[in-house]
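Please keep the sequence and the model side by side while reading.

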Amino acid sequence: MTGSDAAPARIDTSRPHPARVYDWWLGGKDNYPVDEELARKILAVDGTVLRGARANRRFMQRATRVAAEAGIRQFLDIGTGIPTEPNLHQVAQGVAPESKVVYADNDPIVLRHAEALLHGSPEGSTNYIHADVRDPDTILRLAAESLDFGQPVALSLVALTHYLGDESDGDDVHGLLKRYVDFLAPGSYLVLSQVTADLNPEAIEKAAEHFRRSGTSFHPRSLTEFSRFFDGLELLGPGVIPVSGWRPEPEDVAVQAEGIVPVYAGVARKS
């Protein structure tokens, strides 16, 4: 599975894309000068972004492992980004080889790397959808070719919701997330992380302004706004917390020692 109904858009190198900016922060090579320019501008005003990018990847790995160890065998990762090992399917299938994983992203570069995302365990399956998170009908319809939504699914949107606006911006990100969650069976998991201005207001506002000037929507959210995503769900301990502090492993404790990353994270279960 490598596409939605529409043909993938060509790669636009005239403006930065969040997946490619993140790729630069993670030390990747799948980015263009326009992405590097924005990444460097944001790094200049917010020195935590490199640690933040790595912390988000580490959180995804820990949360996936927790879900898999709890018995989840189906995973839908929206806003996949450019492949960085270990990918979500490697973590999930490392715990349970029969796990089924579907990735979704709207960056054509990620589509080019879909083959790298599809090498999973022979017992399980991995698939990729080229579609935008704002199109839940397409994503859920295509994901249902691989996943059984009558059974629990772990839905991950890691470092994605801050690129989506609120009702006043024409996005209604809380309503959008509710559409996805409502589609999930009881016992499903929701895995989220989101940039906040609570912990470093001045730097995050400067970073947000750089994103907006580049044509990228960017919406840091407060603890209250982020916690709303989990309304009606059962938060797993330790609840909503800065990303490196969510069930940290030794490497994450070391990151915390360098200072708090201004990103909230949380995992909840649909009961």
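Begin with what covers helix α7: the cover of its buried residues includes β1 (74-78), β2 (100-105), β3 (125-130) and α8 (173-183). Contact here means heavy atoms within 4.5 Å. Helices (H or I, at least four residues) and strands (E, at least two) are DSSP runs, numbered from the N terminus. Buried stands for under 20% relative accessible area, exposed for over 50%, and partly exposed for values in between, with a 1.4 Å probe and protein chains only. The buried residues of α7 are Pro136, Thr138, Ile139, Leu140, Leu142 and Ala143.

The model is predicted: local features need pLDDT of at least 70, side-chain atom pairs count only at pLDDT 80 or more, and totals for chains, interfaces and linings use all residues. Residues are numbered from 1 along each chain as its sequence is written, and side-chain values use heavy atoms, with hydrogens and water left out.

Now step back to the whole chain. The protein chain holds 11 helices and 8 strands. Its radius of gyration is 17 Å, close to the 18 Å that the globule rule gives for 271 residues, so the chain is as compact as a globular protein of that length. That radius is taken over C-alpha atoms, and the rule is 2.2 Å times the number of residues to the power 0.38. The C-alpha trace spans about 45 × 40 × 40 Å along its principal axes. Of the 271 residues in the chain, 54% are buried. Among contacts between residues at least 6 apart in sequence, 75% join residues at least 24 apart. The accessible surface comes to about 11,500 Å², and carbon and sulfur atoms account for 50% of that surface. Accessible areas come from the Shrake-Rupley method with a 1.4 Å probe; for residues, only the protein chains shown count as cover.

The backbone is next. Most residues other than glycine have a negative phi, and most peptide bonds are trans. Which peptide bond involving Glu85 is cis? The cis bond joins Glu85 and Pro86, with omega about -5°. Pro86 sits in the loop between β1 and α4 (88-95). Another cis peptide bond runs from Gly237 to Pro238, where omega is near 10°. Pro238 belongs to the loop between β6 (234-235) and β7 (241-242).

Two residues other than glycine have a positive phi. For Asp172, phi is near 55°, and the residue is found in the loop between β4 (154-158) and α8, the helix that is also part of the cover of α7. Asp172 counts as partly exposed because its relative accessibility is 29%. For Arg247, phi is about 45°, and its place is the loop between β7 and α11 (250-257). Arg247 has 37% relative accessibility and therefore counts as partly exposed.

Charge is the last topic. The chain has 27 positive and 38 negative side chains, and the centres of the two sets lie 2 Å apart. Lys and Arg count as positive and Asp and Glu as negative, while His and the chain ends are not counted. Each charge is placed at NZ of Lys, CZ of Arg, CG of Asp or CD of Glu. A salt bridge is a side-chain nitrogen of Lys or Arg within 4 Å of a carboxyl oxygen of Asp or Glu, and the whole structure has 19 of them.

One of these salt bridges pairs Asp107 with Arg20, with the closest N and O atoms 3.7 Å apart. The pair links distant parts of the chain, 87 residues apart: Asp107 is in the loop between β2 and α5 (108-112), and Arg20 is in helix α1 (residues 18-25). Are Asp107 and Arg20 buried or exposed? Both are buried.

Asp252 and Arg58 form another salt bridge, at 3.1 Å between the closest N and O atoms. Here Asp252 in helix α11 and Arg58 in helix α3 (residues 49-69) are 194 residues apart. Asp252 and Arg58 are both buried.

Glu98 and Arg73 also meet in a salt bridge, 3.1 Å from N to O. Glu98 lies in the loop between α4 and β2 and Arg73 in the loop between α3 and β1, so the pair ties together parts 25 residues apart in sequence. Glu98 counts as partly exposed at 41% relative accessibility, and Arg73 counts as partly exposed at 29%. Finally, salt bridges that share partners join Arg58, Arg62, Arg65, Glu249, Glu251 and Asp252 into one network.
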